[in-house]
Amino acid sequence: MNERNTLLAVENLRTSYRTTHGTARAVDNVSFNIDAGEILGIVGESGCGKTATALSVLRLIDPPGRIEAGSHLWFEGHDLLTLDEEAIRQVRGRRIAMVFQEPMTALNPVFTVGDQVAEVVRVHTSATRREAWARAVAMLDRVGIPEPAIRARSYPHQLSGGLRQRVLIAMALVMRPALLIADEPTTALDVTIQAQILELLQELQREMGMAVMLITHDLGVVAEVAQRVIVMYAGQVVEEAGVQDLFSSPRHPYTRGLLRAMPRARRAAERLQTIPGTVPSPTAWPAGCRFRDRCADAFEPCGNPPDLFDLGGGHRARCFLTQVTAATAPTEPSMPSRI
Amino acid sequence: MADVTPASVAAFADYAPPVTSLPPAQPATLWKTLRRDRTFRSALAVLGVIVGAAIFAPLLAPYDPAAQFDLTTRLQAPSAAHWFGTDPVTRDVLSRVVFGARISLTIAFLAVALSLTIGTVVGAAAGFVGGSFDAFVARSIDALLSIPRVLLLLSVLSLWGELSTRALVVLIGTTGWFGVARLVRGEVAALRQRDFVTASRALGARGMRVLVRHVVPHLASPILVAATLGVGHMIVVEAGLSFLGFGVPQPDASWGSIIRDGREFMQTAWWLTAFPGLALVLTVLAVNVVSDRLRAALSPRQLPAP
């Protein structure tokens with residue numbers, strides 16, 4: 001995999017918010033890559049730093065939040081964090097676009113949906129009003145909105161949730177970005193609509209060859225569309241693996257907990273398991289392993305902060321147990337190395 | 001005499017509108033709601049008559065408001081010839097009140113326009129930029145709001161003495177925007193957090209575009225309500241100043257100065273103060289009712305389901 005074509009390299013990203021209770025380190029030293037054309041799933045429960053990571057990539061962190069010095073976001077030969085305001089604005093929407101979770105609130109209620117898609121075109125090109133409108137209608141058609149020329153004149157509240165989400169996707173993709181960040185794109189939708197939207201995203205991803213950073217708390221969504229997965233917990237990456245690998249041999253206890261908490265067709269009769277306890281507060285992450293208090297397998301080394309150990313084959317996990325098993329059973333057949 | 005109490009000042013300054021509705025009222029929908037509202041219609045009719053009188057004053061007034069007659073006709077009670085009676089120098093009170101509407105309303109409208117403009121610009125800038133600039137502006141507004149309005153106006157007026165009508169508008173307008181600025185700042189700060197604003201930024205819109213396209217249209221409702229409320233308030237402020245003798249210069253007369261002219265004769269010639277007072281009260285009442293009904297109609301609960 002040497003010819004991996006890295007599109008975005010997130011390096012030691014640290015984003016924190018100043019609050020009255022102290023500094024909340026929402027994203028704490030997160031590093032990962034996204035290759036051109038791949039779908040990377042980012043999984044974790046609420047408050048684990050998924051959305052803060054996404055907003056950081058677009059530099060949309062407003063005070064009292066800030067991206068700490070030492071963070072790097074390498075994208076198309078530049079560190080996004082060193083770009084001036086005008087340059088990052090050129091990246092937003094044109095090279096990196098974002099789809100938000102709530103189709104109800106992410107559209108401006110006072111403009112027609114066609115207008116809002118056309119606006120993105122007008123922001124980034126010198127297209128006339130008419131040309132922008134034509135592109136908007138074509139894009140609405142592309143995302144599967146029936147009668148796009150008529151629907152383009154609708155106001156957001158006149159459309160269903162599924163159609164609104166399609167409008168948001170149209171807005172994000174009308175400039176054909178290299179990277180799409182989709183933050184919980186299906187969470188607010190009915191299950192049947194969810195499947196349609198995921199299918200649409202996959203289809204557009206293949207067609208445009210873009211990379212997708214799919215943020216979700218739903219492992220089912222990840223299993224369906226992602227090629228690689230990052231599991232986040234308490235502001236850190238705790239496990240990173242190919243999607244097959246992650247589901248067949250999860251190495252971090254938190255990932256295993258998430259998998260056990262997921263309903264499966266074959267185990268319908270079983271009671272779902274939950275992970276005991278709650279996520280610690282981001283203003284006071286525990287020293288050592290941040291999952292220790294909720295982990296059934298915690299042992300002495302967990303008082304120290306574990307590294308994100310490389311387990312070969314692109315599989316990494318932030319857990320000392322991975323080292324113990326490796327030491328006691330060095331011949332355990334891990335995934336055949338593809339390097 | 002309508003008074004310039006701190007309470008009425010505070011009513012304008014402290015007005016906090018409901019959180020912007022979703023979806024916002026379309027003008028057509030708004031009008032449909034209001035047309036059925038009898039209170040609103042009556043208030044609007046009263047306002048229509050008064051504004052009409054102000055506009056067509058030269059046609060409607062039976063006499064020249066400054067015309068003086070035979071001194072035997074001074075201080076006459078209301079009669080067929082002089083519906084509102086005459087004043088100590090034989091001027092026709094009805095004509096004075098009708099022309100007074102011009103002065104009072106013009107000053108109020110211009111002062112509101114001025115204070116809304118300044119307040120909106122300052123408030124929007126503070127709310128949109130945020131950070132320490134916002135904190136500075138917000139604290140400054142709080143400080144300015146803590147100065148009693150009448151005290152501020154009187155101290156300025158006592159420095160300059162008699163002001164022209166134009167200067168009076170500027171003075172009332174430039175001391176009346178603090179509440180508007182606070183209102184707008186709050187609205188803008190809340191709007192800035194809305195998802196569609198973030199979405200628009202995420203897709204590359206410049207700050208100015210975000211402000212003009214995604215924030216300002218949502219300010220229409222609160223500003224509309226603040227404007228109507230402000231007109232009533234400004235009429236009262238101007239009348240108060242004129243009554244105290246700091247208002248429009250002679251020979252122009254606003255309702256406040258007409259009341260002032262008649263105050264010595266209150267016991268013997270009630271019509272000198274009663275009619276301009278009535279005009280003042282009716283106008284402010286009508287304006288406030290319109291404002292109140294507008295606010296109700298603009299609040300989300302009043303909207304028919306989409």
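**Chain A fold, then a helix in chain B**

A: In chain A, 64% of the contacts with a separation of 6 or more join residues 24 or more positions apart. Two residues are in contact if their C-beta atoms, placed from the backbone, lie within 7 Å.

Q: What are the ground rules here?
A: This is a predicted model: local features need pLDDT of at least 70, side-chain atom pairs count only at pLDDT 80 or more, and totals for chains, interfaces and linings use all residues. Residues are numbered from 1 along each chain as its sequence is written, while chains are lettered from A and ligands numbered from 1 in the order in which they are written.

Q: What pLDDT does chain A average?
A: The average is 85, and 92% of the residues score at least 70. pLDDT is the predictor's confidence in each residue, from 0 to 100.

Q: Where does pLDDT stay under 50 in chain A?
A: Over residues 329–339. The model has 13 contacts beyond four places in sequence for that stretch.

Q: How much of chain A is buried?
A: 46% of its 339 residues. Buried means 20 or more other C-beta atoms within 10 Å of the residue's own, with C-beta atoms placed from the backbone; exposed means 12 or fewer, and partly exposed is in between.

Q: Switching to chain B: is helix 9 largely enclosed or exposed?
A: Largely enclosed by the rest of the structure, because eleven of its 15 residues are buried. Among them are Phe178(B), Arg182(B), Arg185(B) and Glu187(B). Helices are DSSP runs (H or I, at least four residues), numbered from the N terminus.

Q: How far does helix 9 of chain B reach?
A: Residues 178–192 reach 21 Å from first C-alpha to last, close to the 21 Å expected at 1.5 Å a residue. The expected span is 1.5 Å times one less than the number of residues.

Definitions and conventions: Helices (H or I, at least four residues) and strands (E, at least two) are DSSP runs, numbered from the N terminus.
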